[in-house]
Structures are given as structure tokens and as C-alpha cells.
Amino acid sequence: MTTLSIDKSTVHGSVGVLALAFALSACIGNLGGVDGAPPGDGASGTSGGGPGPGSPGEALACDANVVDPGPSPMRLLSREQYLNTVRDLVGDVAGLEAALGPANEASAFGLVQPDVTQVELEHFQAAADVIAAAIAADPARLGDIAPCEAGAEPRACARQMVVRFGARAYRAPITDAADIDRHLGLFGVGAETSYAHGIEMLLRGMLQSPRFLYRVEIGTPEKVSERAVKLSPHEVAARLSYTLWGTVPDARLNEAIEDGSLTTREGVAAQVGWMLEDERGKELLHRFLGSWTHLNGLVGVVKDEGAFPEWQSRSFRESLRGQADAFFDHVLHEQGGALRALFTSTTVFYNKDLGGYYGVAGGDAFQALERTDGTASGILTLPALLAVQAKPAESSPIYRGRFVREALLCQQLPAPPANIPKPPEVDASSSTRERLAQHEVDPSCSGCHQLLDPIGFGFEHYDALGRYRELDGGKPVDASGKVVATRDMNGDFVGVAELGEMLAGSAEVEECVARQWFRFAIARFEQEMDGCSMERLLETFRAAGQDLNALPRAVVETDAFLYRRPIDEHAKEMP
């Protein structure tokens, strides 16, 4: 049964409450209930057991007597994590990015862990070959990775390399003699030619191993409950380093492994401060905000060359992303990380590429500018976001409305039906709003589009590049909009500044931010058993005054981060 949270006071005209409920529930599935499609950012599946209850309309329940961290999937290293890991293990390698091939991210938040395709296997093999060859050809690097003094027995040197290098590459110690011997079999094949070639063969094998490509976790025999066991210190360190840095643990984290600091909740939380002060940690919330707002997709956005020739300039596109990062930095450090500022800030940033957006001339560096005329409202008016959420030659109320529903309210919409009519052609004499009028009268469209279009129309002062405009199709822009089917922000608004105020004051949005952070950090959707983890995370966020900077520490103190289910529990759940 599909349930729906809806404020009846927002239903007007000839459409009754019951009819609207059926129309909306058919479109969105689980807007306020527990059935239907998963919540999230549009990913078509999850790693580790699938999605749980649908939207913030129904909070996840916490049973304090039950410790259940939920599924702990093996996580394939993202392209960025792979490159970071290799850099920190062996240094920079010429030609690595080309050998690894393009990114094939199924989800910005890593919510989907796809099977590795044959093409991806070939890329991993090519990358391993490039890395191994570079090390074997450089005596200094070979000496760092696999030192072997003159007169030493080569196989003994290779054994030391397997144990020392393998512990870092696999994020766990290698202690089993048979396991070490299997590795040395590769060395032996290459060593018939030379010691360097033996190490090259060994590296090729290790860097294609699932233990390197995936973050493998086993857990310990120490039970926290029937549904939870503690992670080993090495596994905790890897969770910390990949969550906060996107790479392998460093020497200081390895010291924490050895001194027992990672065996308690307090000890794990104590690592967060210094890790965030590290240059790698300072990028964490930027990575989250960029992923959450879909800005990582900016490089693949196509714009009509005739209508927007500036888009063809790489410098222009890089400036759009740089502007977004400057704004994120401003919110996180100058405005106390306040969630409200993310939606309502009137500070914009410009350089020589983007000064035209605001009627000023800029230089090479980004400068701040206050816009108190109602045309700036945090991320909602970021040109990069508005460009991503638009079509090649026109704005898109549909895309922008969907972004608000899915990214900011955590409501999941289904894919459009296969038989939707072709959209009307862009016509310079008609506005986008006029061209979408069919959605209001066509019953096959209206059910879903009354959730999307009225929100998206509020963005109509911004064209396909996020530039402010007063006219569209030669007519004054109508930026009036309406929000329905939410828990606490239903109502009319005019323009994104008013929408930003509604979002900033919404508990549903606050909870969605916590959910999105959970998905980003844990790499899966929240589920029923995550009620206590979500409650702890949300309470910490609220206690910090909705400071986004509090999110990293909040998540590492949750059961979902600290523990995993016993391996036999996963085996029982497998088909």
C-alpha cells in the first residue's frame, strides 16, 4: 500500500483531495510512506541491500536495545580514490590516467556498485602494467618499494615487499604463509629475467587483485550484538581515510592502529579533527557539496553552440566550477557552515569570465559581491547548478523541480514513461512556461508534473547558463511557483529567494541533508535498521546549529560507520 503525506489545505479548485492523492502517489510511489521506489539521487539500485523507507515524511525508528549497522558492501574504489591511492603508495605515474580510462561512476555518491565490465578489467590491467613498468624501470623507485641489498637473497627481499607494501595496498596485514607464497609465485616467473622484472610481475598482480580494487572488510570475532561485530583497527583506519580523504591511511593513522586508539568510539572520533585539518580533509565537504548538487556532472553538460558560444570555452566552464567552490568555501568558513546560508546567502563570486553575470569586470582571482536585489539565493542561483539543471538551448523547470524534490527533499521520482510526447521546439516568440502548459491539461503528464513544474517555474529568471533575465520569449518572466506534497513547506512562492527561505526553514530539508550525508559517507541508502545511526547523526547536526562542518564527526560516531554485520549474516541474506 502506498501512503502519502499531504497538507489538505493546499488543495484548491475542482481537484479533490482524494484525486490528487492518487495522482501524486501514482507518480512518486513513496512520497510519505514505506512502499515504492527508493529515495535518493536517481540511482537505480544500491550496494548492500537496497533502500529503506521512502521519504523524511516517515522517520526511521531507533531501537536503542538493538545494535545493527546494516549492510557493509565491498566498495570498488572510485576513479578518484584509485588515483589518490596509487599516488600515495608509489608517487605520480606518467600515463596512468590515460591507461585507467574515463570515469564510469554509476552514482555520484557511490550508491551503486556495478559489476566490473570486461572493458573496465582491461583498463585496470593496463593501469597496473603502467604502474609496475614505471617502478621497475626506475632504480630509485624500485629501491623504495622493494629494497634488496647487494648479496641478499632476491626471494627474501620480495617476501618483505609483499608483507610491507601489501599491508598498505590491501589496507590489511598479510600474515598467512600460503598467501605470501602465492604472491611470490608471480615474482618467481619474472625473476627468471631479473629482480626488477620479478617485482614488476608481482606489482601487476597485486594492483589487479580484488583486495586492492575493492575495500574488503571481514570484521573481528568481537560481537557488539547478534547483528554487529567490531571492525579491526586496520578496517576502521581504512574507513576513516577513504571517507575523509579518499585514499589509504597514512603513517599517523597507522600509529593509531598500533596504539589501540581505533578500538573505541571516542578514539575513532578523536581522529576526525586532525584529519580534516590535513589538506586532503579540507576538500571533504567540497566533494560532498559538489556531488550532492550534481556539479560533478558539469564537465559532461552540452550547450547549444549558437545560443551559448561562451560554453565552448574550457576556461568559462572551469570558472563556473571555481565559482561554486569559492561559494562553498565562503559558507563553510565565513558563514559558519550554516545550512540556511547554503540556500539564502546573497554573496556571489566572480572573475573575468563571470563578471558579466553581475554587470562588473573581474580579474583572474575570484572576488566576492553582495547582491541584495533578490537575484542571489545561495546554491539555488549558482550558475553551475542552474546550467547542469537545464537543457542545451533553454531552461528546464522540470529538471530544476526534480532537483529540489530529489536532492533537497529526498523524494524519489520514477523515470518518465516511454511514451511521453516529444517536447515542443524552442521558439523565440514563446516562453518556457508557455511551452510547458500542456502538462497542466494532459492527464498523462499532470500527475507527476504538478510536483515538478510549479517548483521549477520559480527558477525562470535564470536561463540555461544560470544568467539572470527579465524576459523569456519576449515576455516578462513569471517566476511564481508552488510547493505541494511536503511535510512542512507547502505553499506559494515567487522566485528562488522565497523558495530558499522555505527550504532553509524546513525540518524535512534538514533531515534530507543528514540522509544525503549518510549516503555519501556510508555509500548506501539508509534503511530501517539505520534508525539509531540516523538519529545520532541528525541530533549532532541540530545541536551544532545545522553547521555542515559537524557532519564528518557525526557520521563516524554512528553504528553504521563503527561496526559491520557478521560475515555469516551476509551469507544468510544472499539468494
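Biologist: Is Glu510 buried or exposed?

Modeller: This is a predicted model, and in it Glu510 is buried, with a relative accessible area of 7%. Its partner is Arg542: the two side chains meet in a salt bridge of 2.7 Å, N to O. Glu510 sits in helix α22 (residues 507–522) and Arg542 in helix α23 (residues 531–543), so the pair ties together parts that are 32 residues apart in sequence. Arg542 counts as partly exposed, at 43% relative accessibility.

Biologist: How many salt bridges are there by this rule?

Modeller: Side chains of opposite charge can pair when their charged atoms come close. Here the cut-off is a side-chain nitrogen of Lys or Arg within 4 Å of a carboxyl oxygen of Asp or Glu. The count comes to 35 salt bridges. One of them joins the side chains of Arg159 and Asp181 at 3.2 Å, N to O. Arg159 belongs to helix α6 (residues 154–169) and Asp181 to helix α7 (residues 177–191), 22 residues apart. Arg159 is partly exposed at 33%, and Asp181 is partly exposed at 36%.

Biologist: Which residues are linked in a network of salt bridges?

Modeller: Arg87, Asp88, Asp250, Asp278 and Arg280. Within that group, take Arg280 and Asp250, whose side chains meet at 3.6 Å, N to O. Arg280 is in the loop between α12 and α13, Asp250 in the loop between α10 and α11, and they are 30 residues apart. Why does Asp250 count as buried? Because buried means under 20% relative accessible area, and Asp250 has 18%. Arg280, at 22%, is partly exposed.

Biologist: What about the helices: which residues of α12 are buried?

Modeller: An α-helix has 3.6 residues a turn, so residues three or four places apart point the same way. In α12 (residues 265–277) the buried residues are Gly267, Val268, Ala269, Gln271, Val272, Trp274 and Met275. Their cover includes α10 (233–244), α11 (251–258), α24 (551–556) and α25 (559–562). In helix α13 (residues 284–292), nine of nine residues are buried, among them Arg287 and Trp292. Just after α13, His294 takes a positive phi of about 70 degrees.

Biologist: Which residues make the nonpolar surface patch?

Modeller: Met74, Val216, Ile218 and Ile567 make a patch of about 340 Å². Val216 lies in the loop between β2 (214–215) and β3 (223–225) and is partly exposed at 34%.

Biologist: And what does Arg565 meet?

Modeller: The side chain of Arg565 has a polar contact of 2.9 Å with that of Asp68. Arg565 is buried, with a relative accessible area of 3%.

Conventions
Residues numbered from 1 in each chain as written. Predicted model: local features only at pLDDT ≥ 70, side-chain atom pairs only at ≥ 80, totals over all residues. Heavy atoms only, no water. Patch = residues over 30% accessible without salt bridge, like charges linked within 9 Å, V, L, I, M, F, W, Y side chains within 5 Å. Areas by Shrake-Rupley, 256 points an atom, 1.4 Å probe, with all protein chains shown as cover. Helix = DSSP H or I, 4+ residues; strand = E, 2+ residues; numbered from the N terminus. Buried < 20%, exposed > 50% of the residue type's maximum accessible area, 1.4 Å probe, protein only. Polar contact = N/O pair within 3.5 Å; in protein donor to acceptor, adjacent residues only side chain to side chain. Contact = heavy atoms within 4.5 Å.
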